[in-house]
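Here is a short briefing for a first look. Open the structure and follow the points below.

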Amino acid sequence: MKHLDLSRRDFLSLASVGGVAFASALTGCARAAPAAPAVPGPPPSPPPLPSEDFFFLQLSDTHVGYRGDANPEAATTLDRAIGRINGLETKPDFVVFTGDLTQTTDDPAERRARMARFGESVARLGVKDVRFLPGEHDASLDAGTAFREAFGPTRWAFDHRGIHFVALDNVSDKAGALGKPQLDWLAADLARTPAETPVVVFTHRPLFDLYPSWEWATRDGADALAILDRRSQVTVFYGHIHQAHHHVTGRVRHHAGRSLVFPLPAPGSVPKKAPVPWDPSTPFAGLGSRLVETRGDDYPLLELPVERSSG
Amino acid sequence: MTPVRFVRRALAFFAAALSACTTPRDATTAETVVRVQARRFEFSPARIRVRASVPTTLELASLDVVHGFSIPELGVRAELVSGHPARVRVLSDRPGELAFHCDVFCGDGHEDMAGVVEVTP
């Protein structure tokens, strides 16, 4: 695996296999650009580039088992995305799936079968370190039982190259809450983490009230944000809303990733939440995964669309 | 009692009786009570009419699994467990429409389980 010390140009060229996507300026979303100096002088020093820069990949909302008009190619979409990822010149350090791996079903056996099918596809990823979070489709009807059998704990934390990563489960409670035990666990976990260590949080549902009428919120997300906001460098990556979205609450940056089944409309943009209809002239439009570069506490993003020819 | 007053009282009585037939009233609070049933994946009625500035109690009952009832705009919510009706109070001073939805994931079709409170002048 290459050690990364990449310029933005290098970063963009990473995805040159199969066509370049667009880069979301994460820094621009979270921070104001430095003001021009009032008097001529030397430009401000660039932020330090840590030697531990690396990439990870976020995939979300694959909904294996979905059948519907919103994606007649649903059975192949995840495999197409994996093909695209396997074509990258530089491999990410790890891959994280931020929930809704499978489409929900009342049948526990079918739920496990869908998780097995998902696992078979993911096994073809050319990355060894793959991590999973549940979405409500995976975990809400059985409080996460099948998910834990297939993929392990629904919340976890680890350190990697100077960043502390935390996964929170806001779906095993079918009301979409984290619950006090998990909030206590989060507070204790962060208390053990040095204050200067950047923290990256993975969740399925947004922790802030993005659009509660569409259940784009977490019942007790404000309690989690109160804990996270005590730190200076916290970034949340989540799924659930089937589109890229960027937001800041207090000192916490939030980034939703695209889905791999169908896009959903922008928050509140239509009276009723429903999948964006499949357009045969632009198949897979709005679907994709995301490469995240870590640069200290900055995380430039590169969206990787699903392409007709990939897979 | 004069004939005119008698007729007025009679009309008022019949109007109240008619209202009671179409819109139950809670004996203790005198508020309008609307009964709402929840089942996968619908509310019945899915369109609830209330009057602006008139407190209305919604009596909510699940007929199957656990559901939620949430009107985010009013900060109103309840958890609906079969066999245990829940009550929430709705009061809005502005005519218009307020969306409500089930906020407890109840299966494939949960996203469609929603309705509207129509607030009339």
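Ser289(A) stands opposite Leu304(A) in β12(A). This is a predicted model: local features need pLDDT of at least 70, side-chain atom pairs count only at pLDDT 80 or more, and totals for chains, interfaces and linings use all residues. Residues are numbered from 1 along each chain as its sequence is written, while chains are lettered from A and ligands numbered from 1 in the order in which they are written.

**Strand β11 of chain A**

- β11(A) (residues 288-294) and β12(A) (residues 301-305) pair in the antiparallel sense over five bridges. Strands are DSSP runs of E, at least two residues, numbered from the N terminus. Two strands pair if DSSP finds at least two bridges between them.
- Six residues lie between β11(A) and β12(A) in this hairpin. In the turn, Gly296(A) has a positive phi of about 60°.
- β2(A) (residues 54-59) also pairs with β11(A), antiparallel, over five bridges. Phe55(A) has Glu293(A) as its bridge partner.
- Seven of the seven residues of β11(A) are buried (20 or more other C-beta atoms within 10 Å of a residue's own, with C-beta atoms placed from the backbone).
- Gly288(A), Arg290(A), Val292(A) and Thr294(A) point one way, and Ser289(A), Leu291(A) and Glu293(A) the other way.

**The sheet in chain B**

- Four strands form an open, mixed sheet in the order β2-β1-β4-β7 (chain B).
- Its edge strands are β2 (42-44) and β7 (86-90) of chain B.
- Seven bridges join the parallel strands β1(B) (residues 32-39) and β4(B) (residues 56-62). Leu58(B) is the bridge partner of Val34(B).

Methods
Buried ≥ 20, exposed ≤ 12 C-beta atoms within 10 Å, placed from the backbone.
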